[in-house]
Amino acid sequence: MLKQRTIKELVRTTGVGLHSGRKVELTLRPAAPDTGIIFRRVDVDPIVEIPSSADVVGDTRMASVVMKDGVRVSTVEHVMSACAGLGIDNLYIDVTAEEIPIMDGSASSFVFLLQQAGVEDQPALRKFIRVLKDVEVRQGTGNSEKWARLSPHDGYKLDFFIEFNHPAVDGTMQRATVDFGDITYVRDVARARTFGFMQDVESLRGMGLARGGSLENAIVMDEYRILNADGLRYEDEFVRHKILDAIGDLYLVGHPLLASYTAHKSGHALNNDLLRALLAQPDAYEIVTFDSLKAAPVSYVEQVTREWALS
């Protein structure tokens, strides 16, 4: 059967927030079946717990921010992406500040932490959200139009197109498709880093964003080129990171999706709008479990046997 999963033991690390620039300690702790993924602000008294859910996302400027009673945890998408990629259903994520540390700008550090803690099956069936009909959200018109769509699919596939009108980005592939029946999250997605432009730094910092950004935790570009000495990790790293973000944003729905996700210049806000649109239509989805691998979608069987077994 496809069982729920958590980690075997506590693991922690420290880092800085990409937007706040503040030092933060992150602790990952095992959680019981059907707990879900819960963010805990342990630096406030009393401790505030924020369950991952589409309806607790309260800010989407340059990151996904979950909020409860005025308390926030920012930039949750990378750690959520790692949890989705390794099939983690139940986890406590403790932080000592308002932002998840950015680490190297990708999800690979969180993958390492989860693997270091060890992953174990739990005595409960994993719940999936199976999309039954197309759900789409759109924003803007003409060249400014952005959209995202979930469609029925017996597995999990993401197709993303970006357009930034920048020589360094335009010189790479601007569209990528990730089908988890064919690729592995750890090798093919997790290492893709966030990116930004030098000309935007001053205005972002004036908004209280990007204060912890550097060449150590992002791909940084001036008007013409990439400034990082080591270049790109994937030839399509820009669009691949947008897929990494989308995996994390969509996992905030609370369960893994059985769906095809297609997006055109989408971002955190539109991804959350898409989840809310899905949940607002009870006939557009169903919750399913699988009591045997033979009954499960091929892509998830592939992950169980090829990738999750190694974690």
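This is a predicted model: local features need pLDDT of at least 70, side-chain atom pairs count only at pLDDT 80 or more; totals for chains, interfaces and linings use all residues.

Visitor: What makes a stretch a helix or a strand, and how many does the protein have?

Guide: Both are DSSP runs, numbered from the N terminus: helices are H or I with at least four residues, strands are E with at least two. By that rule the protein has eight helices and 19 strands.

Visitor: How do you know whether the radius of gyration agrees with a compact globule?

Guide: The radius is taken over C-alpha atoms, and the globule rule is 2.2 Å times the number of residues to the power 0.38. For 311 residues the rule gives a value near 19 Å. The protein has 18 Å, so the two agree. Its C-alpha atoms fill a box of roughly 55 × 45 × 35 Å along the principal axes.

Visitor: Why is Thr194 called buried?

Guide: Buried means under 20% relative accessible area, exposed means over 50%, and partly exposed lies in between (1.4 Å probe, protein chains only). Thr194 has 15%, so it is buried. It lies in the loop between helix H4 (185–188) and strand S16 (195–197). Across the protein, buried residues make up 55% of the 311 residues.

Visitor: Which residues is Thr194 in contact with, leaving aside its neighbours within four places in sequence?

Guide: Contact means heavy atoms within 4.5 Å. With those neighbours left aside, the partners of Thr194 are Leu18, His78, Gly105, Asn217, Ala218, Ile219 and His241. For the protein, take contacts between residues at least 6 apart in sequence: 74% of them join residues at least 24 apart.

Visitor: Why is Asp34 called exposed?

Guide: Asp34 has 51% relative accessibility, so it counts as exposed. It sits in the loop between strand S3 (23–30) and S4.

Visitor: What is the case for Asp69?

Guide: Asp69 has 70% relative accessibility, so it counts as exposed. Its loop runs between strand S7 (65–68) and strand S8 (71–73). Phi of Asp69 is positive too, near 50°.

Visitor: Why is Thr177 called neither buried nor exposed?

Guide: Thr177 has a relative accessible area of 44%, so it is partly exposed. It is found in strand S15 (residues 175–179). Not counting residues up to four places away in sequence, Thr177 touches Lys157, Leu158 and Asp159.

Visitor: How do you know that the length of helix H6 agrees with its residue count?

Guide: The expected span is 1.5 Å times one less than the number of residues. H6 (residues 237–251) has 15 residues, so it should span 21 Å. Its end C-alpha atoms are 21 Å apart, which agrees.

Visitor: What makes H6 mostly covered?

Guide: In H6, 15 of its 15 residues are buried. In helix H2 (residues 108–117), the buried residues are Ser109, Phe110, Val111, Leu113, Leu114 and Ala117. Gly118 follows H2, with a positive phi near 85°.

Visitor: Which residues does Ala277 contact, leaving aside neighbours within four places in sequence?

Guide: Ala277, in helix H7 (residues 268–279), is in contact with Val135 and Val137. Ala277 and Val137 are 140 residues apart in sequence, yet 7.5 Å apart in space, C-alpha to C-alpha.

Visitor: Where is Tyr92, and which residues does it touch?

Guide: Tyr92 is in strand S9 (residues 91–95). Not counting residues up to four places away in sequence, its partners include Thr27, Leu28, Thr35, Ile38 and Glu49. Tyr92 and Ile50 are 42 residues apart in sequence and 9.8 Å apart in space, C-alpha to C-alpha.

Definitions and conventions:
Residues are numbered from 1 along each chain as its sequence is written. Side-chain values use heavy atoms; hydrogens and water are left out.
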